[in-house]
Amino acid sequence: MKDTDQEVKYEKSSIQGTAAALQEEMEGFMDQAVRLAKKAYLNGDTPIGCVIVKDGQILSKAYNQRNKKKNTLGHAEIMAIDKASKRIGDWRLENCTLYVTLEPCQMCAGAILQARIPRVVIGCMNPKAGCAGSVINLLDMKAFNHRVDVVTGIREEICSSLMRDFFKNLREGKGFSLK
């Protein structure tokens with residue numbers, strides 16, 4: 001009995017250690033996405049940052065530039081997917097994880113599905129336009145041939161506060177500077 005108890009304790013400890021390491025890894029990559037979101041903020045664009053990771057390494061990164069580029073396609077996820085695809089020479093981004101500070105819209109969720117990205121980590125949800133569970137969950141529709149695992153709430157407070165501050169400053173006609 002003691003050996004079995006010891007094995008169970010070791011297994012629980014190992015699982016907890018793995019979960020803590022995974023949480024730390026997700027937070028580290030989300031921190032990179034937050035840094036990018038701050039660049040968008042300072043440029044007067046909605047503060048959304050995105051990094052795509054493969055094998056523990058950042059494959060591509062981007063931030064919202066829709067206003068700066070005067071282009072509807074200037075979303076962080078779209079640009080990061082484009083860069084990652086060019087870098088690896090394939091449209092399929094299998095075995096990659098996309099980290100994004102705000103829940104993807106319908107266009108970006110569609111691009112994630114089309115790129116075959118298997119996992120998305122989201123900082124904060126978007127109750128008005130989010131398509132990974134808030135308004136609709138395009139990433140987990142049984143009718144599609146591809147589904148995406150979604151993790152939410154990583155660095156949620158900072159991601160949410162960037163969005164709140166940005167839109168507050170926009171409404172009040174203030175400039176875009178970080179505190």
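This is a predicted model: local features need pLDDT of at least 70, side-chain atom pairs count only at pLDDT 80 or more; totals for chains, interfaces and linings use all residues.
Helices α3 and α4, spanning residues 76-88 and residues 106-114 respectively, pack with their axes 9 Å apart and at an angle of about 25 degrees. Because angles under 35 degrees count as roughly parallel, α3 is assigned as roughly parallel to α4. The crossing of α3 past α4 is left-handed. On the α3 side, the contact is formed by Glu-77, Ile-78 and Ile-81; α4 contributes Met-107, Cys-108, Ala-111 and Ile-112. Classified by residue type, this contact comprises six nonpolar residues and one charged residue, with no polar residues. The charged class includes Glu, and Glu-77 is among the α3 residues that make the contact.

Tyr-41 belongs to helix α1, which covers residues 2-42. The relative accessibility of Tyr-41 is 2%, and this residue therefore counts as buried, the cut-off being under 20% relative accessible area. When neighbours within four places in sequence are set aside, the contacts of Tyr-41 are with Pro-47, Leu-162, Asp-165, Phe-166, Asn-169, Phe-176, Ser-177 and Leu-178. One of these residues, Phe-176, lies 135 residues from Tyr-41 along the chain, yet the C-alpha atoms of the two are separated by 6.4 Å. Helix α5 spans residues 156-172, and the contacts of Tyr-41 include Leu-162, Asp-165, Phe-166 and Asn-169.

Cys-159 takes part in no disulfide, as the nearest cysteine sulfur, belonging to Cys-124, is 5.3 Å away, whereas a disulfide requires sulfur atoms within 2.5 Å. Cys-159 has a relative accessible area of 2% and is therefore buried. Cys-96 likewise counts as buried, at 1% relative accessibility.

Most residues other than glycine have a negative phi. With a relative accessibility of 62%, Asn-95 counts as exposed, in contrast to Cys-96, which is buried. Arg-155 is located in the loop that lies between β5 (149-152) and α5 (156-172). The relative accessibility of Arg-155 is 32%, so this residue is classed as partly exposed.

Key:
Residues are numbered from 1 along each chain as its sequence is written. Side-chain values use heavy atoms; hydrogens and water are left out. Buried means under 20% relative accessible area, exposed over 50%, partly exposed in between (1.4 Å probe, protein chains only). Axes are lines fitted to C-alpha atoms, for helices over the stretch in contact, and angles run from 0 to 180 degrees between N-to-C directions. Helices (H or I, at least four residues) and strands (E, at least two) are DSSP runs, numbered from the N terminus. Angles under 35 degrees count as roughly parallel, over 145 as roughly antiparallel, 65 to 115 as roughly perpendicular and the rest as oblique. A crossing is left-handed if the near helix is turned anticlockwise from the far one by less than a right angle, and right-handed if clockwise. Contact means heavy atoms within 4.5 Å.
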